[in-house]
Amino acid sequence: MSTGTRAAAGDTVSASGRKARTRAFPTDFLWGAATAAYQVEGAAFDGGRTASIWDTFSRVPGKVVNGDTGDIAADHYHRFRDDVALMAGLGLGAYRFSLSWSRVQPGGQGAPNSAGLDFYSRLVDELLAKGVKPVVTLYHWDLPQELEDAGGWGSRATSERFGEYAAIAAERLGDRVDLWTTLNEPWCSAFLGYASGVHAPGRHEPEVALRAAHHLNLAHGLGTQALRAALPAGSRVALTVNPAEVRPLSQAPEDLDAARRVDALQNRIFLDPVLRGSYPQDLIQDTAHVTDWAFVQDGDLAAVSAPIDLLGVNYYNPVVVGAAPRDGAEPERGVDGHGASDYSPWVGSEALRFVRMPGEPTAMGWPIDASGLHDLLLRIHRDYGPIPIAITENGAAFHDYVGPDGEARDPQRVEYLRGHLVAVHDAIEAGVDVRGYFCWSLLDNFEWAYGYSRRFGVVHVDFATQRRTVKASGNWYSGVIAANAVQG
(Lines give C-alpha, C1' and ligand atoms only; values in the text may rest on other atoms or scores of the structure.)
Protein backbone atom coordinates (compact mmCIF):
# COMPACT_ATOMS: atom_id res chain seq x y z
CA MET A 1 0.00 0.00 0.00
CA SER A 2 1.25 3.45 -0.84
CA THR A 3 0.84 4.61 2.74
CA GLY A 4 3.29 2.03 3.94
CA THR A 5 0.79 0.58 6.39
CA ARG A 6 -0.96 -2.76 6.39
CA ALA A 7 -4.70 -2.98 6.86
CA ALA A 8 -5.93 -5.51 9.36
CA ALA A 9 -8.07 -8.39 8.18
CA GLY A 10 -11.42 -7.05 7.06
CA ASP A 11 -10.08 -3.50 6.72
CA THR A 12 -10.15 -1.46 3.55
CA VAL A 13 -8.74 1.88 2.53
CA SER A 14 -11.05 4.59 1.25
CA ALA A 15 -10.40 6.70 -1.81
CA SER A 16 -9.13 9.43 0.52
CA GLY A 17 -6.52 7.08 1.91
CA ARG A 18 -8.24 6.75 5.30
CA LYS A 19 -8.20 3.25 6.67
CA ALA A 20 -11.65 1.77 7.13
CA ARG A 21 -12.62 -1.41 8.89
CA THR A 22 -15.54 -3.75 9.21
CA ARG A 23 -17.47 -2.64 12.25
CA ALA A 24 -19.69 -5.44 13.51
CA PHE A 25 -22.67 -4.54 15.68
CA PRO A 26 -23.95 -6.61 18.63
CA THR A 27 -25.66 -9.80 17.56
CA ASP A 28 -29.05 -8.66 18.89
CA PHE A 29 -28.82 -5.14 17.41
CA LEU A 30 -32.20 -4.03 16.04
CA TRP A 31 -32.16 -2.58 12.51
CA GLY A 32 -35.21 -0.68 11.37
CA ALA A 33 -36.77 2.24 9.57
CA ALA A 34 -39.31 4.78 10.77
CA THR A 35 -42.32 6.76 9.58
CA ALA A 36 -45.11 8.82 11.16
CA ALA A 37 -48.84 8.51 10.66
CA TYR A 38 -49.68 11.92 9.18
CA GLN A 39 -46.61 11.81 6.96
CA VAL A 40 -47.38 8.52 5.21
CA GLU A 41 -50.88 7.20 5.83
CA GLY A 42 -53.12 9.48 3.81
CA ALA A 43 -56.77 8.40 4.00
CA ALA A 44 -57.17 11.49 6.14
CA PHE A 45 -60.90 11.10 6.66
CA ASP A 46 -61.39 7.40 5.91
CA GLY A 47 -62.51 4.84 8.45
CA GLY A 48 -63.85 7.31 10.98
CA ARG A 49 -60.69 9.39 11.38
CA THR A 50 -61.30 13.03 12.29
CA ALA A 51 -59.12 16.10 11.84
CA SER A 52 -55.83 16.59 13.62
CA ILE A 53 -54.02 19.89 14.10
CA TRP A 54 -51.96 19.10 10.99
CA ASP A 55 -55.08 18.69 8.85
CA THR A 56 -56.08 22.16 10.00
CA PHE A 57 -52.66 23.79 9.86
CA SER A 58 -51.81 22.49 6.39
CA ARG A 59 -54.93 24.21 5.05
CA VAL A 60 -53.86 27.63 6.29
CA PRO A 61 -52.47 29.52 3.27
CA GLY A 62 -48.72 29.95 3.43
CA LYS A 63 -48.05 27.49 6.23
CA VAL A 64 -46.95 24.54 4.08
CA VAL A 65 -44.88 24.67 0.90
CA ASN A 66 -47.11 24.52 -2.20
CA GLY A 67 -50.19 24.24 0.01
CA ASP A 68 -49.52 20.51 0.40
CA THR A 69 -51.52 18.43 2.86
CA GLY A 70 -51.28 14.90 4.21
CA ASP A 71 -54.66 13.95 2.75
CA ILE A 72 -53.06 11.30 0.52
CA ALA A 73 -49.37 11.39 1.49
CA ALA A 74 -47.77 8.03 0.57
CA ASP A 75 -51.16 6.29 0.78
CA HIS A 76 -49.72 3.83 3.30
CA TYR A 77 -53.21 3.26 4.72
CA HIS A 78 -54.23 1.50 1.51
CA ARG A 79 -50.81 0.17 0.49
CA PHE A 80 -49.42 -1.07 3.79
CA ARG A 81 -49.19 -4.69 2.66
CA ASP A 82 -47.00 -3.73 -0.29
CA ASP A 83 -44.96 -1.49 1.98
CA VAL A 84 -44.45 -4.28 4.51
CA ALA A 85 -43.31 -6.54 1.67
CA LEU A 86 -40.78 -3.83 0.79
CA MET A 87 -39.57 -3.79 4.40
CA ALA A 88 -39.16 -7.54 4.41
CA GLY A 89 -37.30 -7.38 1.10
CA LEU A 90 -34.87 -4.89 2.60
CA GLY A 91 -34.34 -7.17 5.57
CA LEU A 92 -35.64 -4.72 8.16
CA GLY A 93 -35.83 -6.19 11.62
CA ALA A 94 -38.28 -3.56 12.83
CA TYR A 95 -40.68 -0.88 11.66
CA ARG A 96 -41.25 2.14 13.88
CA PHE A 97 -44.57 3.80 13.09
CA SER A 98 -46.94 6.09 14.91
CA LEU A 99 -50.65 5.79 15.52
CA SER A 100 -52.99 8.57 14.48
CA TRP A 101 -54.75 9.55 17.71
CA SER A 102 -57.66 10.87 15.61
CA ARG A 103 -57.94 7.50 13.89
CA VAL A 104 -57.88 5.50 17.12
CA GLN A 105 -60.03 7.87 19.17
CA PRO A 106 -61.80 10.51 17.09
CA GLY A 107 -61.81 13.84 18.84
CA GLY A 108 -59.20 12.63 21.31
CA GLN A 109 -61.62 11.38 23.94
CA GLY A 110 -64.48 9.02 24.41
CA ALA A 111 -65.07 5.67 22.74
CA PRO A 112 -62.38 4.13 20.54
CA ASN A 113 -62.89 3.83 16.80
CA SER A 114 -62.97 0.17 15.88
CA ALA A 115 -62.19 0.82 12.21
CA GLY A 116 -59.04 2.73 13.12
CA LEU A 117 -57.87 0.11 15.58
CA ASP A 118 -58.61 -2.59 13.01
CA PHE A 119 -56.27 -0.87 10.54
CA TYR A 120 -53.39 -0.89 13.01
CA SER A 121 -54.18 -4.45 14.03
CA ARG A 122 -53.94 -5.55 10.39
CA LEU A 123 -50.67 -3.65 10.00
CA VAL A 124 -49.21 -5.33 13.09
CA ASP A 125 -50.32 -8.76 11.89
CA GLU A 126 -48.79 -8.16 8.46
CA LEU A 127 -45.49 -7.06 9.99
CA LEU A 128 -45.32 -10.09 12.23
CA ALA A 129 -46.18 -12.40 9.34
CA LYS A 130 -43.22 -10.97 7.40
CA GLY A 131 -40.82 -11.18 10.35
CA VAL A 132 -40.69 -7.42 11.01
CA LYS A 133 -41.01 -6.26 14.62
CA PRO A 134 -43.71 -3.58 15.12
CA VAL A 135 -42.54 -0.62 17.23
CA VAL A 136 -45.40 1.74 18.08
CA THR A 137 -45.17 5.46 18.80
CA LEU A 138 -48.35 6.82 20.35
CA TYR A 139 -47.86 10.48 19.48
CA HIS A 140 -45.98 12.02 16.55
CA TRP A 141 -47.36 15.57 16.57
CA ASP A 142 -50.92 15.01 15.24
CA LEU A 143 -53.09 16.14 18.15
CA PRO A 144 -56.84 15.74 17.55
CA GLN A 145 -58.20 19.16 16.60
CA GLU A 146 -60.93 19.02 19.24
CA LEU A 147 -58.28 18.78 21.97
CA GLU A 148 -56.46 21.77 20.51
CA ASP A 149 -59.72 23.70 20.48
CA ALA A 150 -59.98 22.95 24.21
CA GLY A 151 -56.48 24.32 24.89
CA GLY A 152 -54.15 21.81 23.29
CA TRP A 153 -50.92 20.99 25.07
CA GLY A 154 -51.31 24.21 27.03
CA SER A 155 -54.09 22.43 28.92
CA ARG A 156 -53.38 19.87 31.62
CA ALA A 157 -56.47 17.95 30.53
CA THR A 158 -54.71 16.97 27.28
CA SER A 159 -52.17 15.00 29.32
CA GLU A 160 -55.00 13.14 31.04
CA ARG A 161 -56.68 12.38 27.72
CA PHE A 162 -53.36 11.02 26.44
CA GLY A 163 -53.25 8.50 29.27
CA GLU A 164 -56.71 7.27 28.31
CA TYR A 165 -55.68 6.99 24.66
CA ALA A 166 -52.55 5.04 25.61
CA ALA A 167 -54.67 2.52 27.48
CA ILE A 168 -56.98 2.03 24.47
CA ALA A 169 -54.06 1.37 22.12
CA ALA A 170 -52.28 -0.97 24.52
CA GLU A 171 -55.39 -3.01 25.22
CA ARG A 172 -55.93 -3.64 21.51
CA LEU A 173 -52.34 -4.10 20.28
CA GLY A 174 -50.37 -5.01 23.40
CA ASP A 175 -50.71 -8.76 22.86
CA ARG A 176 -48.53 -8.42 19.73
CA VAL A 177 -46.50 -5.22 20.22
CA ASP A 178 -43.93 -5.30 23.02
CA LEU A 179 -42.05 -2.02 22.40
CA TRP A 180 -43.99 1.23 22.84
CA THR A 181 -42.91 4.86 22.64
CA THR A 182 -45.08 7.48 24.30
CA LEU A 183 -44.02 10.68 22.49
CA ASN A 184 -41.82 11.63 19.57
CA GLU A 185 -39.78 14.83 19.95
CA PRO A 186 -41.90 16.72 22.48
CA TRP A 187 -39.60 19.74 22.01
CA CYS A 188 -40.99 20.22 18.51
CA SER A 189 -44.58 19.86 19.68
CA ALA A 190 -44.08 22.48 22.39
CA PHE A 191 -41.76 25.05 20.89
CA LEU A 192 -42.37 24.81 17.15
CA GLY A 193 -46.10 24.45 17.73
CA TYR A 194 -46.68 27.07 20.42
CA ALA A 195 -43.70 29.49 20.25
CA SER A 196 -42.28 29.88 16.73
CA GLY A 197 -45.49 28.60 15.14
CA VAL A 198 -43.79 26.91 12.18
CA HIS A 199 -45.57 23.67 13.11
CA ALA A 200 -49.17 22.99 14.02
CA PRO A 201 -51.08 24.50 15.70
CA GLY A 202 -49.07 27.57 14.67
CA ARG A 203 -49.34 29.60 17.88
CA HIS A 204 -46.93 32.28 19.15
CA GLU A 205 -47.36 32.11 22.92
CA PRO A 206 -44.06 31.65 24.81
CA GLU A 207 -45.63 30.97 28.20
CA VAL A 208 -47.96 28.39 26.67
CA ALA A 209 -44.97 26.73 25.00
CA LEU A 210 -43.36 26.15 28.40
CA ARG A 211 -46.64 24.87 29.82
CA ALA A 212 -46.95 22.60 26.79
CA ALA A 213 -43.47 21.20 27.44
CA HIS A 214 -44.48 20.25 30.97
CA HIS A 215 -47.82 18.84 29.92
CA LEU A 216 -46.07 16.73 27.30
CA ASN A 217 -43.75 15.43 30.01
CA LEU A 218 -46.79 14.72 32.15
CA ALA A 219 -48.48 12.97 29.22
CA HIS A 220 -45.43 10.75 28.93
CA GLY A 221 -45.70 9.93 32.62
CA LEU A 222 -49.44 9.24 32.54
CA GLY A 223 -49.05 7.33 29.28
CA THR A 224 -46.31 5.20 30.82
CA GLN A 225 -48.59 4.38 33.77
CA ALA A 226 -51.38 3.38 31.41
CA LEU A 227 -49.10 1.25 29.28
CA ARG A 228 -47.62 -0.54 32.29
CA ALA A 229 -51.12 -1.31 33.56
CA ALA A 230 -52.36 -2.70 30.25
CA LEU A 231 -49.33 -4.42 28.70
CA PRO A 232 -48.12 -7.95 29.44
CA ALA A 233 -45.05 -8.44 31.58
CA GLY A 234 -41.86 -7.98 29.62
CA SER A 235 -43.20 -5.21 27.40
CA ARG A 236 -40.98 -2.16 27.13
CA VAL A 237 -41.83 1.54 27.28
CA ALA A 238 -39.71 4.28 25.72
CA LEU A 239 -39.62 8.02 25.15
CA THR A 240 -38.08 9.56 22.03
CA VAL A 241 -36.45 12.99 22.23
CA ASN A 242 -34.43 15.07 19.79
CA PRO A 243 -31.58 16.30 21.96
CA ALA A 244 -29.29 18.89 20.42
CA GLU A 245 -25.53 18.51 20.27
CA VAL A 246 -24.89 22.14 21.18
CA ARG A 247 -21.51 23.68 20.42
CA PRO A 248 -20.55 27.19 21.58
CA LEU A 249 -19.27 29.58 18.94
CA SER A 250 -16.22 30.23 21.13
CA GLN A 251 -14.98 29.70 24.66
CA ALA A 252 -15.95 33.25 25.57
CA PRO A 253 -18.21 33.29 28.64
CA GLU A 254 -21.14 34.80 26.75
CA ASP A 255 -20.98 32.09 24.06
CA LEU A 256 -20.67 29.33 26.65
CA ASP A 257 -23.74 30.75 28.36
CA ALA A 258 -25.64 30.77 25.06
CA ALA A 259 -24.87 27.08 24.61
CA ARG A 260 -25.96 26.39 28.19
CA ARG A 261 -29.28 28.11 27.54
CA VAL A 262 -29.99 26.04 24.43
CA ASP A 263 -28.97 22.86 26.24
CA ALA A 264 -31.42 23.68 29.03
CA LEU A 265 -34.29 24.55 26.70
CA GLN A 266 -33.97 21.64 24.27
CA ASN A 267 -32.24 18.86 26.17
CA ARG A 268 -32.51 19.11 29.92
CA ILE A 269 -36.12 20.33 29.91
CA PHE A 270 -37.06 16.75 28.98
CA LEU A 271 -34.13 14.58 30.06
CA ASP A 272 -33.91 15.95 33.59
CA PRO A 273 -37.54 15.47 34.65
CA VAL A 274 -37.77 12.05 32.99
CA LEU A 275 -34.42 10.69 34.16
CA ARG A 276 -33.77 12.76 37.31
CA GLY A 277 -37.22 13.81 38.50
CA SER A 278 -36.63 17.57 38.43
CA TYR A 279 -36.45 20.57 36.14
CA PRO A 280 -33.06 22.32 35.81
CA GLN A 281 -32.80 25.36 38.06
CA ASP A 282 -31.00 27.38 35.38
CA LEU A 283 -33.90 26.76 32.98
CA ILE A 284 -36.36 28.04 35.57
CA GLN A 285 -34.18 31.12 36.12
CA ASP A 286 -33.75 31.74 32.37
CA THR A 287 -37.53 31.74 31.91
CA ALA A 288 -38.59 33.37 35.17
CA HIS A 289 -39.69 36.50 33.30
CA VAL A 290 -42.01 34.33 31.19
CA THR A 291 -43.58 32.05 33.80
CA ASP A 292 -43.34 31.05 37.45
CA TRP A 293 -43.73 27.34 36.53
CA ALA A 294 -46.78 27.08 38.80
CA PHE A 295 -48.27 24.63 36.29
CA VAL A 296 -45.97 21.93 37.76
CA GLN A 297 -48.18 20.37 40.42
CA ASP A 298 -47.42 18.08 43.33
CA GLY A 299 -46.93 14.53 42.13
CA ASP A 300 -46.27 15.47 38.51
CA LEU A 301 -42.55 14.81 38.58
CA ALA A 302 -43.01 11.46 40.30
CA ALA A 303 -45.21 10.40 37.39
CA VAL A 304 -42.88 11.88 34.76
CA SER A 305 -39.80 10.15 36.19
CA ALA A 306 -41.20 6.63 36.39
CA PRO A 307 -38.51 4.34 34.92
CA ILE A 308 -38.42 3.81 31.18
CA ASP A 309 -36.85 0.84 29.43
CA LEU A 310 -35.34 2.67 26.48
CA LEU A 311 -34.49 6.22 25.46
CA GLY A 312 -35.05 7.02 21.80
CA VAL A 313 -32.61 9.55 20.36
CA ASN A 314 -33.34 11.36 17.09
CA TYR A 315 -30.30 13.06 15.55
CA TYR A 316 -29.69 14.93 12.31
CA ASN A 317 -27.00 17.57 12.94
CA PRO A 318 -25.24 19.61 15.63
CA VAL A 319 -25.84 23.31 16.20
CA VAL A 320 -23.38 26.14 16.85
CA VAL A 321 -24.66 28.98 19.00
CA GLY A 322 -23.31 32.25 20.32
CA ALA A 323 -24.45 35.27 22.24
CA ALA A 324 -26.59 37.97 20.67
CA PRO A 325 -24.73 40.17 18.15
CA ARG A 326 -23.10 43.08 19.95
CA ASP A 327 -24.18 45.55 17.29
CA GLY A 328 -27.82 44.84 18.08
CA ALA A 329 -28.45 43.25 14.68
CA GLU A 330 -31.28 40.76 14.44
CA PRO A 331 -30.01 37.14 14.32
CA GLU A 332 -30.64 35.41 10.99
CA ARG A 333 -33.83 33.40 11.26
CA GLY A 334 -33.95 29.67 10.62
CA VAL A 335 -30.22 28.96 11.07
CA ASP A 336 -31.09 26.73 14.04
CA GLY A 337 -32.59 24.30 11.50
CA HIS A 338 -36.15 24.61 12.76
CA GLY A 339 -37.66 26.83 10.08
CA ALA A 340 -37.75 30.59 9.64
CA SER A 341 -40.29 32.54 11.64
CA ASP A 342 -40.73 36.04 13.01
CA TYR A 343 -41.12 34.33 16.38
CA SER A 344 -38.35 32.42 18.15
CA PRO A 345 -38.73 28.92 19.60
CA TRP A 346 -36.01 29.75 22.16
CA VAL A 347 -38.30 31.02 24.89
CA GLY A 348 -36.47 33.33 27.27
CA SER A 349 -33.37 33.35 25.07
CA GLU A 350 -34.74 34.77 21.85
CA ALA A 351 -31.66 36.88 21.02
CA LEU A 352 -29.26 33.96 20.72
CA ARG A 353 -27.34 33.71 17.47
CA PHE A 354 -27.10 30.40 15.63
CA VAL A 355 -24.20 30.13 13.18
CA ARG A 356 -24.05 28.22 9.90
CA MET A 357 -21.50 25.43 9.85
CA PRO A 358 -19.15 25.02 6.86
CA GLY A 359 -19.63 22.34 4.23
CA GLU A 360 -22.36 21.30 1.83
CA PRO A 361 -25.67 20.99 3.71
CA THR A 362 -28.57 18.65 3.08
CA ALA A 363 -31.66 19.76 1.17
CA MET A 364 -33.02 20.94 4.54
CA GLY A 365 -30.06 23.29 4.90
CA TRP A 366 -28.75 21.18 7.77
CA PRO A 367 -25.00 20.58 8.18
CA ILE A 368 -23.59 17.07 7.96
CA ASP A 369 -21.48 16.15 10.96
CA ALA A 370 -21.65 12.60 12.30
CA SER A 371 -19.28 13.41 15.16
CA GLY A 372 -22.21 15.22 16.77
CA LEU A 373 -24.09 11.94 17.15
CA HIS A 374 -21.09 10.26 18.76
CA ASP A 375 -20.58 13.18 21.14
CA LEU A 376 -24.26 13.37 22.02
CA LEU A 377 -24.47 9.66 22.87
CA LEU A 378 -21.41 9.88 25.10
CA ARG A 379 -22.81 12.95 26.84
CA ILE A 380 -26.14 11.22 27.61
CA HIS A 381 -24.27 8.17 28.89
CA ARG A 382 -21.99 10.32 31.05
CA ASP A 383 -24.67 12.59 32.49
CA TYR A 384 -27.61 10.21 32.87
CA GLY A 385 -26.02 6.83 33.35
CA PRO A 386 -26.05 3.62 31.33
CA ILE A 387 -29.62 3.82 30.06
CA PRO A 388 -30.40 1.66 27.00
CA ILE A 389 -30.66 3.85 23.89
CA ALA A 390 -31.96 3.39 20.36
CA ILE A 391 -31.33 5.77 17.49
CA THR A 392 -34.98 6.17 16.55
CA GLU A 393 -34.43 8.65 13.69
CA ASN A 394 -31.38 9.51 11.63
CA GLY A 395 -31.24 10.44 7.97
CA ALA A 396 -30.99 13.22 5.45
CA ALA A 397 -33.04 14.90 2.73
CA PHE A 398 -31.58 15.29 -0.74
CA HIS A 399 -33.14 16.16 -4.08
CA ASP A 400 -33.62 12.58 -5.24
CA TYR A 401 -35.20 11.45 -8.48
CA VAL A 402 -35.67 8.30 -10.53
CA GLY A 403 -33.52 8.40 -13.64
CA PRO A 404 -34.48 7.30 -17.16
CA ASP A 405 -33.01 3.88 -16.37
CA GLY A 406 -35.42 3.46 -13.47
CA GLU A 407 -32.71 3.82 -10.81
CA ALA A 408 -32.76 6.27 -7.89
CA ARG A 409 -29.15 7.05 -7.07
CA ASP A 410 -28.47 8.93 -3.84
CA PRO A 411 -24.76 8.60 -3.02
CA GLN A 412 -24.90 11.53 -0.58
CA ARG A 413 -27.41 9.69 1.59
CA VAL A 414 -25.32 6.52 1.50
CA GLU A 415 -22.34 8.45 2.83
CA TYR A 416 -24.49 10.25 5.40
CA LEU A 417 -25.81 6.96 6.75
CA ARG A 418 -22.40 5.32 6.65
CA GLY A 419 -20.79 8.12 8.63
CA HIS A 420 -23.49 8.13 11.26
CA LEU A 421 -23.45 4.35 11.67
CA VAL A 422 -19.70 4.55 12.21
CA ALA A 423 -20.38 7.18 14.88
CA VAL A 424 -22.91 4.88 16.55
CA HIS A 425 -20.43 2.01 16.48
CA ASP A 426 -17.73 4.21 17.99
CA ALA A 427 -20.14 5.12 20.80
CA ILE A 428 -20.90 1.45 21.44
CA GLU A 429 -17.17 0.73 21.63
CA ALA A 430 -16.88 3.58 24.14
CA GLY A 431 -19.45 1.88 26.39
CA VAL A 432 -22.79 3.43 25.36
CA ASP A 433 -25.63 0.89 25.44
CA VAL A 434 -27.11 1.42 21.97
CA ARG A 435 -29.64 -1.30 21.17
CA GLY A 436 -30.85 -0.35 17.68
CA TYR A 437 -30.95 2.07 14.76
CA PHE A 438 -33.94 3.26 12.72
CA CYS A 439 -33.19 5.24 9.59
CA TRP A 440 -35.47 8.14 8.76
CA SER A 441 -37.32 7.49 6.67
CA LEU A 442 -38.54 4.33 5.03
CA LEU A 443 -40.54 6.31 2.45
CA ASP A 444 -40.46 9.76 0.95
CA ASN A 445 -43.38 11.47 2.64
CA PHE A 446 -45.12 14.66 3.76
CA GLU A 447 -42.27 16.58 5.39
CA TRP A 448 -44.40 18.81 7.61
CA ALA A 449 -44.13 22.50 6.69
CA TYR A 450 -41.99 21.56 3.66
CA GLY A 451 -44.78 19.44 2.19
CA TYR A 452 -43.53 17.11 -0.52
CA SER A 453 -40.56 19.30 -1.43
CA ARG A 454 -38.09 17.36 0.75
CA ARG A 455 -37.29 13.66 0.42
CA PHE A 456 -35.87 11.66 3.34
CA GLY A 457 -36.80 8.14 2.22
CA VAL A 458 -34.57 5.21 1.35
CA VAL A 459 -37.53 4.34 -0.89
CA HIS A 460 -38.55 6.90 -3.53
CA VAL A 461 -42.26 7.65 -3.83
CA ASP A 462 -43.71 9.13 -7.01
CA PHE A 463 -46.62 10.95 -5.38
CA ALA A 464 -48.57 11.19 -8.65
CA THR A 465 -48.60 7.43 -9.18
CA GLN A 466 -47.59 6.17 -5.69
CA ARG A 467 -44.94 4.03 -7.35
CA ARG A 468 -42.19 2.92 -4.96
CA THR A 469 -38.56 2.62 -6.08
CA VAL A 470 -35.87 1.47 -3.67
CA LYS A 471 -33.05 3.99 -3.78
CA ALA A 472 -29.37 3.09 -3.80
CA SER A 473 -29.31 4.00 -0.11
CA GLY A 474 -32.07 1.47 0.58
CA ASN A 475 -30.10 -1.29 -1.12
CA TRP A 476 -26.94 -0.20 0.71
CA TYR A 477 -28.76 -0.21 4.06
CA SER A 478 -30.14 -3.65 3.27
CA GLY A 479 -26.57 -4.86 2.87
CA VAL A 480 -25.57 -3.35 6.22
CA ILE A 481 -28.48 -5.16 7.89
CA ALA A 482 -27.58 -8.48 6.26
CA ALA A 483 -23.96 -8.15 7.40
CA ASN A 484 -24.85 -6.62 10.78
CA ALA A 485 -21.84 -4.44 10.08
CA VAL A 486 -20.72 -1.28 8.36
CA GLN A 487 -17.48 -0.46 6.61
CA GLY A 488 -15.97 2.75 7.84
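Visitor: Before the details, what does "buried" mean here?
Guide: Buried means under 20% relative accessible area, exposed means over 50%, and partly exposed lies in between, using a 1.4 Å probe and protein chains only. This is a predicted model, in which local features need pLDDT of at least 70, side-chain atom pairs count only at pLDDT 80 or more, and totals for chains, interfaces and linings use all residues. Residues are numbered from 1 along each chain as its sequence is written, and side-chain values use heavy atoms, leaving out hydrogens and water.

Visitor: Is Cys188 buried or exposed?
Guide: Cys188 is buried, with a relative accessible area of 4%. Cys439 is buried too, at 1%.

Visitor: How many disulfides are there?
Guide: The structure holds zero disulfides, a disulfide being a pair of cysteine sulfur atoms within 2.5 Å.

Visitor: Another topic: at what angle do H8 and H10 pack?
Guide: Helix H8 (residues 186–194) and helix H10 (residues 253–276) pack at about 130°, with axes 10 Å apart. H8 is therefore oblique to H10; angles under 35 degrees count as roughly parallel, over 145 as roughly antiparallel, 65 to 115 as roughly perpendicular, and the rest as oblique. Helices here are DSSP runs of H or I with at least four residues, numbered from the N terminus.

Visitor: Which residues meet there?
Guide: Pro186, Trp187 and Phe191 in H8 meet Leu265, Gln266, Ile269 and Phe270 in H10, where contact means heavy atoms within 4.5 Å.

Notes
Axes fitted to C-alpha atoms, helices over the stretch in contact; angles between N-to-C directions. Helix = DSSP H or I, 4+ residues; strand = E, 2+ residues; numbered from the N terminus.
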